Amino acid sequence: MIRPLIERYREYLPIEPGDPVVSINEGSTPLIEAPAVSERVGARVLLKFEGLNPTGSFKDRGMTMAVSKAKARGAQAVICASTGNTAASAAAYAARAGMRGAVIVPQGNIAVGKLAQSLIYGARVISLDGNFDDALVIVRHLADNFPIELVNSVNPYRIEGQKTGAFELIEELDGPPDALAIPVGNAGNVTAYWKGFTEWDTSPLLYGAQAAGAAPLVIGEPVERPETIASAIRIGKPARGDEALTAFDESGGRVRSVTDEEILEAYAFLASREGVFCEPSSAASVAGLFVHGIEPDSDAPTPETIVCVLTGNGLKDPDTALAASEGVIECSTDLSEVEEAVFGDRPA
Ligand SMILES: *Cc1c(COP(=O)(O)O)cnc(C)c1O
């Protein structure tokens, strides 16, 4: 049986003996061999499928810690700004803890599955006429002035929970991978993985991927109007950008950008060739390998084993999947028409 992440790694987490554990059995996600990706990039590639967490993204690893600690302090409510997955996760863990949840999301820019989750878990969902960066400024103000706990990745417990992804990789591979490829938005997850790796005295190359229209760490300055189809990484002013840049540097790795077209190509490739359906944002990690190869920027040796972190589940964003696919074929009950539809050339 899957144990709550806090129990599995309790001795490495800032959790006190009397603290409540708010868990939905997050973590312990599968590490999946990816033969088709491996062949294409010329190294063994494995996929850490974080889309199989309880709310469908890696955010649950941090949220179990943040909400447990909030409950330990007697908080009655939690709040976050979110491109969607943090909202869904906060809403679920607040429900589990018997607390109120409020989430602020950028108007029109959130995948429909994430919105549906946040609502059905019972959170108050506020759609802001602004982008993620605006929303983060506002929730920071509310948390400073009202008795409500901020559970964005600026919350240190989020990073503590998320670092367990690195522990799982080290345990499963009997050591760290040579390189970790990971999408970068607010830069909390890459910061957390680096913390986990270094706490266990390992240092794989970190290969970060940003969307070309939202690539502040690649171009070296904030992006005022971030734009990309990969909504989970549509962030122009990453809260943990400096920490992430230090991590890329110390690891000998790199951070590069990939276009929406390249992201969607990797997204469809993963689904149709590996049978793994992740979010577009998650596929940025794989697109980074396809587009920029596997050589590090430093003089470190070429990696032989690479783990791509697939941060979220493709089911969250059905609109993008439908738009990226060939449509369904309309057909009558006429047998020959059905035969043609199944075996014939695809109608143009
Ligand atoms: C949050 C999220 C990211 C970005 O992670 P950061 O910690 O903000 O860098 C990437 N992909 C998905 C699916 C996410 O939910």
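View 1. The centres of domain 1 and domain 2, taken over C-alpha atoms, are 21 Å apart. This is a predicted model. The domain assignment gives domain 1 two segments, 5-57 and 158-323. Domain 2 covers 59-155. Where they touch, domain 1 contributes 48 residues and domain 2 contributes 38 residues.

**View 2. The six-stranded sheet.** Six strands make up an open sheet with mixed pairing. Their order is β1-β2-β10-β7-β8-β9. Strands β1 (31-33) and β9 (254-258) form the edges, and each pairs on one side only. From one strand to the next, the twist averages 25 degrees. Strands of a sheet pair through backbone hydrogen bonds, in either a parallel or an antiparallel arrangement.

View 3. Strand β8 spans residues 205-211 and runs parallel to β9. Five bridges join the two. Which residue of β9 is the bridge partner of Tyr207? It is Arg254. Helix α11 (residues 241-251) packs on the sheet and touches β8 and β9. The direction of α11 makes about 140 degrees with that of β8. Helix α12 (residues 260-274) also packs on the sheet. The strands touched by α12 are β1, β2 (44-49), β8, β9 and β10 (305-310). Between the directions of α12 and β9 the angle is about 95 degrees.

**View 4. The four-stranded sheet.** Four strands form an open sheet, and the pairing is parallel. The order is β5-β4-β3-β6. Strands β5 (124-128) and β6 (149-150) stand at the edges. Each has a single partner strand, so one side of each has no neighbour in the sheet.

View 5. Strand β3 (residues 77-81) pairs with strand β4 (residues 100-106) in the parallel sense. Five bridges connect β3 and β4. Val78 stands opposite Gly101 in β4. Helix α4 (residues 85-97) lies across both β3 and β4. Relative to β3, α4 runs at about 175 degrees.

View 6. A polar side-chain atom of Lys59 lies 2.6 Å from a ligand oxygen atom. In the side chain of Asn85, an N or O atom is 2.7 Å from an oxygen atom of the ligand. Gly185 takes part through its backbone: an N or O atom there lies 2.8 Å from an oxygen atom of the ligand. On its own, the ligand has 380 Å² of accessible area, and the protein covers 96% of that.

Note on methods: Residues numbered from 1 in each chain as written. Predicted model: local features only at pLDDT ≥ 70, side-chain atom pairs only at ≥ 80, totals over all residues. Heavy atoms only, no water. Pairing = 2+ DSSP bridges. Axes fitted to C-alpha atoms, helices over the stretch in contact; angles between N-to-C directions. Contact = heavy atoms within 4.5 Å. Polar contact = N/O pair within 3.5 Å; in protein donor to acceptor, adjacent residues only side chain to side chain. Areas by Shrake-Rupley, 256 points an atom, 1.4 Å probe, with all protein chains shown as cover. Domains from an automatic or database assignment.
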